[in-house]
Amino acid sequence: IIVASKGTLDKFIGDCIMALWNAPRHLKHHEKAAVGAALDMQARLLQLHKEWIAEGIPAVKFRVGINTDAVLVGNFGCEYRINYTVLGDGVNLASRLEAANKPFGTAALVADSTRSKAGSD
């Protein structure tokens with residue numbers, strides 16, 4: 001779903017998937033694409049839950065944090081370890097939004113910087 005929406009799968013961190021839109025290639029409506037991917041992933045997870053319950057597999061929870069900001073994008077590291085990723089306060093805010101879902105009992109939190117550009121449809 002991430003790749004189909006022209007997102008870039010950055011990495012897996014524990015039970016987290018870190019993804020980004022608008023890099024390495026420009027994407028005109030990247031905010032809308034990111035929010036759409038989150039909604040599509042939530043819908044797909046509901047479908048999977050039905051299949052898993054029928055097979056006796058426990059359901060899992062999935063939370064999303066989305067933020068739009070200027071960040072550093074590129075290959076970071078040193079001579080023996082390098083990684084294509086994003087760095088900056090905007091990345092940290094997205095991570096904190098994802099974590100804030102748990103106490104709020106929500107599945108997705110979207111920063112106003114993203115919501116205002118993604119539109120309401």
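The secondary structure of this protein comes to 3 helices and 6 strands. The model is a predicted one, so please read every value below as computed from its atoms. Starting at the N terminus, the elements follow the order β-β-α-β-β-β-α-β-α.

## Overall picture

The C-alpha trace spans about 50 × 40 × 30 Å along its principal axes. The protein has 121 residues, and 30% of them count as buried. Its exposed surface comes to about 8,500 Å², with carbon and sulfur atoms supplying 57% of that area. Among contacts with a separation of 6 or more, 48% are between residues 24 or more positions apart.

Strand β1 covers residues 8–13, and 5 bridges join β1 to strand β2, residues 16–20, in an antiparallel arrangement. Within this pairing, Thr8 stands opposite Leu20 of β2. The two strands form a hairpin with 2 residues between them. In that turn, Gly14 has a positive phi of about 60°.

A second hairpin is made by β4 and β5, again with 2 residues between the strands. Here 7 bridges join β4 (residues 72–78) to β5 (residues 81–87), and the strands run antiparallel. Gly77 stands opposite Ile82 in β5.

## Asp10 and its surroundings

Which residues does Asp10 touch, leaving out those up to four places away in sequence? They are Met18, Ala19, Leu20, Asn83, Tyr84, Thr85 and Val86. Asp10 itself is found in β1. Of these neighbours, Met18, Ala19 and Leu20 fall within β2, residues 16–20, while Asn83, Tyr84, Thr85 and Val86 fall within β5, residues 81–87.

Is Asp10 buried or exposed? Its relative accessibility is 12%, so Asp10 counts as buried, the cut-off for buried being under 20%. The side chain of Asp10 also makes a polar contact with the side chain of Lys11, at 3.2 Å. That pair meets in a salt bridge as well, with the 3.2 Å taken from N to O. Lys11 is partly exposed, with a relative accessible area of 23%.

Helix α1 has 25 residues, numbered 30–54. At 1.5 Å a residue the helix should span 36 Å, and its end C-alpha atoms are 36 Å apart, so the two values agree.

Just after α1, Gly56 takes a positive phi of about 80°.

## Salt bridges

A search of the whole structure finds 4 salt bridges. In general, side chains of opposite charge can pair when their charged atoms come close.

| Pair | N to O distance |
|---|---|
| Lys11 and Asp10 | 3.2 Å |
| Glu98 and Arg63 | 3.7 Å |
| Arg115 and Asp112 | 2.6 Å |

The side chains of Glu98 and Arg63 meet in a salt bridge at 3.7 Å. Glu98 lies in helix α2 (residues 89–104) and Arg63 in the loop between α1 and β3, so this pair ties together parts that are 35 residues apart in sequence. Both partners count as partly exposed: Glu98 has 25% relative accessibility, and Arg63 has a relative accessible area of 29%.

Where do Arg115 and Asp112 lie? Both belong to helix α3, 3 residues apart, which is about one turn of the helix. Arg115 is partly exposed, with a relative accessible area of 47%.

## After the last helix

Gly119 lies in the segment after α3. At a relative accessible area of 40%, Gly119 is partly exposed. The C-alpha atoms of Gly119 and Glu31 are separated by 8.8 Å, although the two residues are 88 residues apart along the chain.

Definitions and conventions: Residues are numbered from 1 along each chain as its sequence is written. This is a predicted model: local features need pLDDT of at least 70, side-chain atom pairs count only at pLDDT 80 or more; totals for chains, interfaces and linings use all residues. Side-chain values use heavy atoms; hydrogens and water are left out. Helices (H or I, at least four residues) and strands (E, at least two) are DSSP runs, numbered from the N terminus. Buried means under 20% relative accessible area, exposed over 50%, partly exposed in between (1.4 Å probe, protein chains only). A polar contact is a pair of N or O atoms within 3.5 Å; within protein, one must be able to donate a hydrogen and the other to accept it, and residues adjacent in sequence count only if both atoms are side-chain atoms. Contact means heavy atoms within 4.5 Å. The expected span of a helix is 1.5 Å times one less than its number of residues. Two strands pair if DSSP finds at least two bridges between them. Accessible areas come from the Shrake-Rupley method with a 1.4 Å probe; for residues, only the protein chains shown count as cover.
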